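Colleague: I am new to reading protein models, and I would like to know where the words come from. Could you walk me through this one?

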Amino acid sequence: MILSINNIIKKFGNFTALEINDLELEENKYYVVLGPSGSGKTTLLRIIAGLEFPDSGKITISGNEMTNAPAWKRDLGLVFQNYALYPHLTVYENIASPLNVMKMPRNEIIKRVNELLRVMELTDQAGKYPAQLSGGQQQRVALARAVIKKPTILLLDEPLSNLDTRVRIDLRDYLKRIQKEFKLTVIHVTHDPTEAMALGDEVIVLHHGKLIQKSSPRELYNKPNDIFCARLLGAVNLIPKNNLNINDNMDYDLLEIRSEDIKFSDDGEINGIIKSMQFLGSEILFNIDIGNYNIKVRGDKFDDNHNEGDNVKLSFIKSTMNFYKSGKRIEHTENGKFNKIPE
Ligand SMILES: Nc1ncnc2c1ncn2[C@@H]1O[C@H](COP(=O)(O)OP(=O)(O)O)[C@@H](O)[C@H]1O
Ligand SMILES: [Mg+2]
């Protein structure tokens, strides 16, 4: 384990900002910490960085206990939302600056900086000053500078939040690339579920300072631990069992059916009326009244033959449904099968 966190509690006054019992991270993986604003993401990152200290608990980095060690002893790279580059230094000098401080031999510095300029596609910008670069380029310089010392762990706090959508999506590729090329362990904090899914080998979900789930993006999306995770990952159809008017022998109170797992079909089992639709080009979002629930259906452009007010028939893909009891997801069982819809 490159990082172990045990029974960490961090309070601000009476308010518990973070309470994590057990979190173990492996080397050479991209971890994303995902949670809404105020869930404790930055606090967790600052505690790992040694910029904040827990009230109790233990932090171990590469086998050494570091709970109360200062930041400079931890050998970590840090990048925040605001790329604090040195304005009076060129791109090359900015990236080289941590190595100059270390008094590394000049040849080695040149080799390392050139390698990073290549990976981050900044070679042509090496002689420019930060003010001459776009926001995305500046953040690439900040990333290069953060990894030039080959840190044990690279910590990123909302590193893409200040960038335009298109640049943000481009930068994800650079982040992935830099992690792979230098075999880094990355801990990347974000409130954006799409970013978390796109980047994470594993996603760690925080809610009110507690760890709710740690799993691969696929598992998080397909099998959320609870309805908080489900909603965070875009679940819009959480239908109360009572609204389904059915008697099945499963004990649950909410059924989740993904909006992309509902299809228009002439022999569909569910009748509905289209209340409204949003045409978005690559997809169409339908709001459909199915009796006592307004279900959201994500169609594609071939579903554009429907109109508001139409009576439609829908079929549900059953294999991807999830069931929740008191907020927690429960597993299907053989003798407790959802049987509203024939197999
Ligand atoms: N220095 C501080 N003093 C008081 N409260 C703080 C401090 N830092 C963070 N908090 C509180 O702790 C909670 C978690 O904050 P933070 O870790 O910044 O969340 P996130 O990064 O997920 O938005 C928030 O409610 C925040 O107001
Ligand atoms: Mg934060």
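Modeller: The protein chain has eight helices and 19 strands. This is a predicted model, where local features need pLDDT of at least 70 and side-chain atom pairs count only at pLDDT 80 or more, while totals for chains, interfaces and linings use all residues. Residues are numbered from 1 along each chain as its sequence is written, and chains are lettered from A and ligands numbered from 1 in the order in which they are written.

Colleague: What makes a run of residues a helix or a strand?

Modeller: Both are DSSP runs, numbered from the N terminus: a helix is H or I over at least four residues, a strand is E over at least two. Helix α1 covers residues 41–49 and strand β6 covers residues 76–79.

Colleague: Why are β6 and β7 called paired?

Modeller: Two strands pair if DSSP finds at least two bridges between them. Four bridges join β6 to β7 (residues 153–157), so by that rule they pair, and they run parallel. One of the bridge partners is Leu156 in β7, which faces Val79.

Colleague: How do you know which residues of β6 are buried or exposed?

Modeller: A residue is buried if 20 or more other C-beta atoms, placed from the backbone, lie within 10 Å of its own; exposed means 12 or fewer, and partly exposed is in between. Leu76 and Leu78 point one way, Gly77 and Val79 the other, and all are buried. Across the protein chain, 34% of the 343 residues are buried.

Colleague: What makes β13 and β16 edge strands?

Modeller: They belong to an open sheet of five strands with antiparallel pairing, in the order β13-β17-β14-β15-β16. β13 (262–264) and β16 (294–299) each have a single partner strand, so one side of each is left without a neighbour in the sheet. Inside this sheet, six bridges join β14 (residues 270–279) to β15 (residues 284–289), and Ile273 has Asp289 in β15 as its bridge partner.

Colleague: How do you know which residues surround ligand 1?

Modeller: A residue counts as near a molecule if its C-beta atom, placed from the backbone, lies within 6 Å of it. Those around ligand 1 include Phe12, Ala17, Gly35, Lys41 and Thr42. Helix α1 gives the most to this shell, with three residues.
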